[in-house]
Amino acid sequence: KVDLGRYKVTGILGTGADYEVRVALDQETGQQVVLKRPVPQIISRQMHSSVEARTDRTLQFYEEVGPGIPYLSPILGYTDRANHDAFYGDSLGQEYRVMVVARAPGIPLVGDVRAQIMRVPIGLGQNLFALFPLAHPDDQTPFAVHQQLLDLEEQCFRAGYVLLDLGPQNVFYQPAANT
């Protein structure tokens with residue numbers, strides 16, 4: 001369990017179908033993290049119980065098998081279900097859980113619509129492949145990133161889980177490390 005008071009929010013990274021994601025600085029360690037909470041509009045309408053259930057399943061997954069699977073950004077902690085209006089500066093008036101996740105290294109392969117509106121260079125991922133193609137004929141594993149994704153899927157499947165949201169916006173690429 002974590003206390004949100006140790007984190008300083010530095011910006012919004014994006015909003016998905018279920019979660020709002022903000023980047024924050026852990027003031028104790030200096031590490032950049034992301035804070036994930038249900039989308040505020042869902043919370044304010046008291047429609048976030050299914051997102052809370054998904055959060056519980058995600059935490060269970062990480063507890064059971066997460067640390068043993070490479071390439072996943074680890075969950076560093078989470079809050080109790082509580083009203084976090086004071087931390088976020090809003091007045092939703094509802095209890096919910098916030099997950100603290102290590103910030104993924106690299107860049108997402110694709111941005112979301114909001115990123116485009118906020119002028120985030122969402123084409124950067126695709127443009128990187130002109131400079132750093134995913135197929136390296138000189139490497140031992142010519143399609144290393146593809147193999148890493150397949151290995152990740154296989155390890156999750158063996159543990160009894162299926163990844164359903166492995167879209168390009170959730171895959172972060174590090175060209176220098178080819179991961």
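How many of the 179 residues of the protein count as buried, in percent? The figure is 34%, where buried means under 20% relative accessible area, exposed means over 50%, and partly exposed is in between (1.4 Å probe, protein chains only).

Quick housekeeping before we go on. This is a predicted model, so local features need pLDDT of at least 70 and side-chain atom pairs count only at pLDDT 80 or more, while totals for chains, interfaces and linings use all residues. Residues are numbered from 1 along each chain as its sequence is written, and side-chain values use heavy atoms, with hydrogens and water left out.

Okay, the overall picture. We have six helices and nine strands; those are DSSP runs numbered from the N terminus, helices being H or I with at least four residues and strands being E with at least two. The accessible surface comes to about 10,700 Å², and 54% of that belongs to carbon and sulfur atoms. Accessible areas here come from the Shrake-Rupley method with a 1.4 Å probe, and for residues only the protein chains shown count as cover. If you take contacts between residues at least 6 apart in sequence, 52% of them join residues at least 24 apart. Contact means heavy atoms within 4.5 Å.

Now the sheet. Two strands pair if DSSP finds at least two bridges between them.

Let's walk across it. Strand β2, residues 19-26, pairs with strand β3, residues 32-38, over seven bridges, and Val 21 stands opposite Lys 36 in β3.

Moving on, β3 and β7 share four bridges, with Val 33 opposite Ala 102 in β7. Then β4 is joined to β7 by three bridges, and there Gly 77 faces Val 100 in β7. What does Val 39 touch, leaving aside residues up to four places away in sequence? The list is Thr 15, Gly 16, Ala 17, Asp 18, Tyr 19 and Glu 20. The C-alpha atoms of Val 39 and Glu 20 are separated by 5.0 Å, with the two residues 19 apart along the chain.

Most residues other than glycine have a negative phi. Gln 46, in the loop between α1 and α2, has a positive phi near 55°, and Gln 46 counts as exposed at 57% relative accessibility. Tyr 71 sits in the loop between α2 and β4, and its phi is positive too, near 80°.
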